[in-house]
Amino acid sequence: MRQYDVEAVVLRSKTIREADKLVTIFSRQRGKQRVMAYGAAKANSRKRGAVQPLCHSQMMLSRGKVLDSITQCAGISFFTEIVSNLEKMTVAFYFCELMDILNEENEPNEPLFILLLTTLKWLNQPTIDFAAVEKLQAGFEMKMLGLLGYMPELGSCVNCGGDLTGKLTFSVDEGGVICGHCYQPENRVFAIKYPTVQLLRQLLTTKPGELALLQPDKWTFEQTKNILKALTRYHLERRAKSLDFLEVLHKNTPNRDK
């Protein structure tokens with residue numbers, strides 16, 4: 001078929017030749033795609049709103065020799081709460097950047113699409129505050145890594161397969177927790193405690209809508225965030241600009257520890 005429909009989240013867009021846009025989408029049906037939206041950069045274009053980054057849209061695409069093009073599109077959700085809040089918008093752009101960098105084109109992954117869309121819907125809730133945003137981010141990172149095949153070993157020692165006893169560490173290079181028997185101080189590892197392992201497991205199994213209900217102690221959550229940041233950066237082909245900005249934003253957020 002020359003034309004086909006997709007349900008997609010717009011990851012990013014770039015204006016081409018003043019009137020057109022090159023749009024990167026992640027769809028339920030086909031995963032990541034780069035598509036053309038001809039005329040979408042014009043002020044009076046009907047496509048303009050539905051091809052903006054973070055928009056959840058229904059699209060009709062037409063096959064092309066190099067890139068397919070958007071012939072019709074309609075926005076389903078514009079996530080107005082997210083785009084009106086700098087922190088939420090930065091986190092959402094971070095999610096989109098991860099989806100763009102870590103996925104190859106035309107490789108469908110419906111569970112990953114559902115994770116992105118569901119997390120954005122919860123992030124769009126006005127009741128989601130700073131603390132809940134951080135938990136949503138941690139949950140998204142953990143689940144995303146699992147759905148992409150990068151799940152760290154959390155049930156046993158990644159080195160010997162034994163129980164998680166003694167002085168525990170986490171190795172990003174080896175991809176999991178190392179038991180006290182296998183610990184070697186020269187390795188590049190994080191010293192961790194068992195509650196951190198438990199929280200990483202919880203982030204994986206807890207639904208996005210229930211992440212805000214988790215109540216880890218401050219030290220455990222900070223350690224968990226550091227591990228997830230290191231894991232995510234390890235698998236990225238390039239540095240995520242939105243993550244750098246998010247870190248600056250967090251440092252300058254007043255009363256973040258209250």
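Trainee: Which residue in β7 is the bridge partner of Phe-170?
Mentor: The partner of Phe-170 is Val-177 in β7. This is a predicted model, in which local features need pLDDT of at least 70 and side-chain atom pairs count only at pLDDT 80 or more, while totals for chains, interfaces and linings use all residues. Residues are numbered from 1 along each chain as its sequence is written, and side-chain values use heavy atoms, with hydrogens and water left out.

Trainee: How many bridges join β6 to β7?
Mentor: Three bridges join β7 to β6 (residues 169-171), and the two strands run antiparallel. Strands are DSSP runs (E, at least two residues), as are helices (H or I, at least four), numbered from the N terminus. Two strands pair if DSSP finds at least two bridges between them.

Trainee: What is the order of the strands in the open sheet?
Mentor: The order is β7-β6-β8, with antiparallel pairing. At the edges are β7 (176-178) and β8 (189-191), each of which pairs on one side only. From one strand to the next, the twist averages 35°.

Trainee: Which helix packs on that sheet?
Mentor: Helix α6 (residues 218-235) does, touching β6 and β8, and its direction makes about 175° with that of β8. Contact means heavy atoms within 4.5 Å. Axes are lines fitted to C-alpha atoms, for helices over the stretch in contact, and angles run from 0 to 180 degrees between N-to-C directions.

Trainee: Changing topic, are α4 and α5 roughly parallel or roughly perpendicular to each other?
Mentor: Helix α4 and helix α5 (residues 194-205) pack at an angle of about 85°, with axes 8 Å apart. They are therefore roughly perpendicular (under 35 degrees is roughly parallel, over 145 roughly antiparallel, 65 to 115 roughly perpendicular, and the rest oblique).

Trainee: Which residues in α5 meet α4?
Mentor: Leu-200, Leu-203, Leu-204 and Thr-205 of α5 meet α4 residues including Ala-138 and Met-142.

Trainee: And what is the angle between α2 and α4?
Mentor: Helix α2 (residues 86-102) and helix α4 (residues 130-147) pack at about 5°, their axes 11 Å apart. They are therefore roughly parallel to each other.

Trainee: How many disulfides does the structure hold?
Mentor: It holds zero disulfides (a disulfide is a pair of cysteine sulfur atoms within 2.5 Å). For Cys-55, the nearest cysteine sulfur is that of Cys-73, 8.1 Å away.

Trainee: Is Cys-55 buried or exposed?
Mentor: Cys-55 counts as buried, at 1% relative accessibility (buried means under 20% relative accessible area, exposed over 50%, partly exposed in between, with a 1.4 Å probe and protein chains only).
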